[in-house]
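Hi,

Here is the structure I promised to pass on. Have a look at it first, and my notes follow below.

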Protein chains: 2
Amino acid sequence: MTLPANTAAAALLQVLREEGVDTWFANPGTTELDLVRAVEVCDGVRVVLGLQENVCTGAADGYGRMTGRPAATLLHLGPGFANGIANLHNARRARTPIVNVIGDHASWHLPYDAPLTSDIESLARPVSGWVHRIASASDAVPAAREAVRQSVVGGQGATLIFPADFQAEGLVGGALVPTATTQTVGTSDHPAQWNPATALERITSARRIVLLLGGGGERSALGERGQRAAARLVARLGATAFAETFPSRAERGRGLPAFDRLPYFPEPARAVLDPADLVVLAGALPPVTYFGYEGHPSQLVEEGRLLRLADPGEDAAGRLERLADQLEAPAFVAPEFPLAAAEGALTPQGVAAVLARRLPQDAIVSVEGGTCGYPFYAASAAAARHTALTNTGGAIGQGLPVALGAAVACPGRPVVALVSDGSTQYTIQSLWTIAHENLPVVVLVAANHQYAILRNELRRGGAALGARAEAMTALERPRIDWVQLARAYGVEASRCGTVAELDTALGAGFSAGRPMLIEMSL
Amino acid sequence: MTLPANTAAAALLQVLREEGVDTWFANPGTTELDLVRAVEVCDGVRVVLGLQENVCTGAADGYGRMTGRPAATLLHLGPGFANGIANLHNARRARTPIVNVIGDHASWHLPYDAPLTSDIESLARPVSGWVHRIASASDAVPAAREAVRQSVVGGQGATLIFPADFQAEGLVGGALVPTATTQTVGTSDHPAQWNPATALERITSARRIVLLLGGGGERSALGERGQRAAARLVARLGATAFAETFPSRAERGRGLPAFDRLPYFPEPARAVLDPADLVVLAGALPPVTYFGYEGHPSQLVEEGRLLRLADPGEDAAGRLERLADQLEAPAFVAPEFPLAAAEGALTPQGVAAVLARRLPQDAIVSVEGGTCGYPFYAASAAAARHTALTNTGGAIGQGLPVALGAAVACPGRPVVALVSDGSTQYTIQSLWTIAHENLPVVVLVAANHQYAILRNELRRGGAALGARAEAMTALERPRIDWVQLARAYGVEASRCGTVAELDTALGAGFSAGRPMLIEMSL
């Protein structure tokens with residue numbers, strides 16, 4: 001058999017690779033078979049199989065956050081794509097570039113409303129900055145180039161719908177027609193009013209300043225340069241600074257300042273923000289409460305108190321540095337933080353302390369779940385230098401696949417997924433891919449056998465938790481056995497109930513350099 | 001604390017219960033908390049918790065297929081709903097009534113584009129016959145009534161988006177405004193041209209007739225009455241009859257005719273259909289190939305050879321009976337089928353034979369996955385009377401949750417999920433709910449450690465399977481240990497490699513009457 005090296009599907013793979021998109025997180029079906037066949041003839045492409053699509057999209061998010069380049073996802077029609085929407089929602093909030101490729105029925109088959117037919121565009125638009133249906137075989141190449149561009153410039157998912165008949169068609173050289181763009185690259189709703197003179201004047205005349213630092217890559221306020229500059233400004237202005245509540249990516253650990261995250265609930269967030277007469281947004285969006293809470297405004301800082309130094313995606317680090325220089329801020333001195341001590345039965349604080357102590361240099365920590373996430377973020381200022389990734393869009397089931405994608409993106413860097421039992425169930429199939437690819441991911445599952453966040457919300461204002469509401473938020477009868485679950489997917493696993501046990505297990509996990517899951521009984 | 005018995009959320013629960021919707025498959029979040037609180041004050045409502053939303057929607061599909069009444073789903077915002085879209089797609093193809101209730105941000109919070117904000121309507125429309133955003137607290141009751149009506153009449157998912165502030169608001173009696181319907185109940189695109197005289201004439205003048213029988217409840221062609229009448233017509237006319245390829249529900253087993261399903265691939269389907277000069281659609285849609293295949297038409301039977309006896313949802317059984325009477329067809333005589341024998345190592349045929357032999361009276365069998373699904377359907381004519389449910393929309397990950405929902409719908413009936421390892425991973429979390437509710441579901445997993453359907457498609461026409469394509473369709477390195485996986489979720493489990501082992505395990509499973517998983521090594 002001769003392999004079809006010149007199909008539009010093969011051309012799409014090759015042009016994506018040329019554009020730097022060489023990693024695919026895939027769960028293909030019958031309408032993607034010519035893309036599968038194309039992998040056979042296209043070298044230099046890595047395909048990582050996921051057993052459920054939200055694993056693929058979450059992994060593409062983790063990959064994109066760490067590299068700044070898009071990964072591709074390969075998804076099957078509307079229902080397969082739909083399975084991956086939740087983590088594409090998170091990726092959209094993280095401004096992660098991703099190129100989704102969805103196979104569709106042959107164009108001539110579509111009108112017959114076969115069982116798997118659905119309105120893919122309607123499903124794709126809410127999580128894609130750009131959606132394009134490939135209109136012919138010759139449209140595949142320009143469409144692929146435009147998808148990469150839209151994805152990178154817009155910091156958004158770009159979605160290509162690729163009918164099966166066009167995938168299979170042979171390409172005649174040179175017959176490439178420009179793609180019709182169905183949506184253009186999104187521009188910011190609030191282009192940063194970066195007027196250095198005005199900014200300087202507002203900053204020097206303010207009495208109480210809060211800096212709000214947005215996450216992202218090296219140019220973001222939560223890269224190393226941005227944080228150092230922010231620390232200089234804090235020292236010069238007597239300001240306070242916070243990371244946004246859910247940064248897509250933040251550098252953390254020894255040698256860096258220890259900016260806490262803006263609190264999640266409105267009361268503590270307002271305690272920070274209300275007294276400020278100026279809130280400087282350095283790559284962060286204006287702070288908005290996560291949900292609507294009676295008695296609290298949605299936008300926590302009115303427009304008049306905001307200074308937009310940099311919008312997300314802009315050069316926040318550069319502007320912070322320039323501001324610090326202009327204000328003749330003192331040089332950055334790395335603070336010293338003692339590592340917290342802990343012993344006895346495991347508590348969230350104990351987990352945070354042990355992990356901060358054990359964390360290897362240059363680790364990546366994917367944090368999802370409130371139980372241990374907040375304590376670790378606080379404790380991790382004293383840890384070795386590492387990168388933290390958080391859940392940007394609130395669609396849970398993101399921590400494990402993001403860790404997977406980050407591990408694929410950064411060979412050689414140890415990866416930790418610090419997750420909770422409730423949220424981890426949504427994409428539990430990630431464990432298989434982590435084992436299959438033998439990725440050095442240590443999964444720490446905080447097992448409290450409940451949807452703790454919901455109980456916290458139900459108890460807000462001192463309300464009692466009713467019996468039925470308690471049952472609806474319990475992961476009990478039976479308790480999930482995380483050790484057996486991990487082993488079923490080929491991941492080594494153990495269970496810890498004390499700080500000492502966790503310390504031993506973590507030491508073993510990090511030195512093994514292979515997948516490991518630790519169930520932490522809390 | 002006094003519980004808020006008079007909130008709009010509580011009113012919605014109560015009016016749904018009045019309308020016969022008393023079972024909820026739920027995965028709530030912070031924007032559904034007043035609906036959770038309402039459960040506390042609303043008796044007669046059963047809430048079944050799912051750990052991922054596609055479990056909830058698939059279970060609602062299984063419930064609706066068995067009862068003919070909608071279950072409700074409780075889902076969290078756009079991303080939570082998105083996780084459940086795939087099985088809502090299947091439910092739409094099965095014409096299963098379902099009422100989805102999605103909490104959304106407080107209406108006054110929505111403009112601020114908080115992290116979890118998304119275009120829920122755009123996500124919901126492709127899988128909902130009717131979508132309505134509740135516009136005020138007083139809209140909740142009429143909207144709930146209309147949702148049930150739309151869902152039942154349209155045989156479709158009806159989706160209610162319920163902003164959190166309206167959920168929490170108190171209702172003042174009598175202030176109920178009629179809901180504005182944003183879409184009306186869908187009517188059939190092809191109302192059946194049921195003209196008895198013309199039908200009779202076309203049927204009596206045709207030489208070679210194929211009856212195509214659509215699935216559904218008692219009035220469908222695949223209920224007991226419909227099948228008996230179809231068998232009489234087959235005898236009278238020398239016709240052949242097939243079930244549609246993926247019936248939502250079909251009665252099967254001893255005392256009934258043994259109609260095979262229309263083959264999946266176009267070649268054998270055409271071998272059946274091409275020679276016919278009349279294809280009578282009894283509650284089935286015109287046959288369309290599952291995917292587009294070069295060299296085959298999409299619609300396998302052109303309009304001129306079709307006779308629409310009944311559209312899906314219409315009284316196919318009644319019309320088949322009337323036709324049989326008019327043609328003075330002979331009385332139905334139940335055929336005798338020998339139970340197939342099997343021994344040795346497990347094969348799909350062996351699985352089918354053993355299951356057909358062991359199946360208890362009145363079992364419900366949820367079939368997903370080609371490996372054992374087709375052989376069992378063939379063998380099951382000789383089994384005890386049972387109900388078969390298949391994957392109607394091709395979104396895989398449906399077999400397990402549909403079994404779950406059917407078990408909730410039909411207490412006392414044993415349930416079998418006959419599934420494959422590839423598709424079952426998509427909604428593996430179903431196992432926890434099956435254990436939590438202690439449902440008598442025996443899960444049979446055909447573990448061949450590959451996406452066999454994709455390999456079959458790749459090999460069509462004699463093509464060789466390339467090494468990379470093979471890797472992309474392998475569930476190997478590691479193989480999933482289904483026994484440990486089931487036990488992790490609290491489900492008893494065993495592994496079988498021979499017919500004798502499966503026979504023993506099935507006997508134990510059915511007599512135990514509690515959840516059990518059997519990994520079948522194929």
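**Where the chains meet**

The contact draws on 95 residues from chain A and 94 residues from chain B. Keep in mind that this is a predicted model. Between them, chain A and chain B bury about 7,900 Å², and 62% of that is on carbon and sulfur atoms. On chain A's part, A:P115, A:R468 and A:M472 supply 9% of the area buried against chain B, more than any other three residues.

A:R468 turns up again in a salt bridge: its side chain meets that of B:D43 (2.7 Å, N to O). The count between chain A and chain B is four salt bridges, along with 46 residue pairs in polar contact, both residues at pLDDT 80 or more. Which helix gives the most to the side of chain A that touches chain B? That's helix 2 (residues 33-41) of chain A, with six residues. Sorted by class, that side of chain A has 49 nonpolar, 30 polar and 16 charged residues.

**A sheet in chain A**

There's also an open sheet of four strands in chain A, ordered 8-7-10-11 with parallel pairing. Strand 8 (240-243) and strand 11 (306-310) of chain A are the edge strands, each pairing on one side only. From one strand to the next, the twist averages 20 degrees. Strand 10 (residues 278-282) and strand 11 of chain A pair in the parallel sense over four bridges, and A:V279 stands opposite A:L306 in strand 11.

Helix 9 (residues 196-205) of chain A packs on this sheet, touching strand 7 (209-213), strand 10 and strand 11 of chain A. The direction of helix 9 makes about 135 degrees with that of strand 11.

Cheers

Notes:
Residues are numbered from 1 along each chain as its sequence is written. Chains are lettered from A and ligands numbered from 1 in the order in which they are written. This is a predicted model: local features need pLDDT of at least 70, side-chain atom pairs count only at pLDDT 80 or more; totals for chains, interfaces and linings use all residues. Side-chain values use heavy atoms; hydrogens and water are left out. Contact means heavy atoms within 4.5 Å. Buried area is the accessible area (1.4 Å probe) that two parts lose on being put together, summed over both. A polar contact is a pair of N or O atoms within 3.5 Å; within protein, one must be able to donate a hydrogen and the other to accept it, and residues adjacent in sequence count only if both atoms are side-chain atoms. Helices (H or I, at least four residues) and strands (E, at least two) are DSSP runs, numbered from the N terminus. Ala, Val, Leu, Ile, Met, Phe, Trp, Tyr, Cys and Pro count as nonpolar, Asp, Glu, Lys and Arg as charged, and the others, Gly among them, as polar. Two strands pair if DSSP finds at least two bridges between them. Axes are lines fitted to C-alpha atoms, for helices over the stretch in contact, and angles run from 0 to 180 degrees between N-to-C directions.
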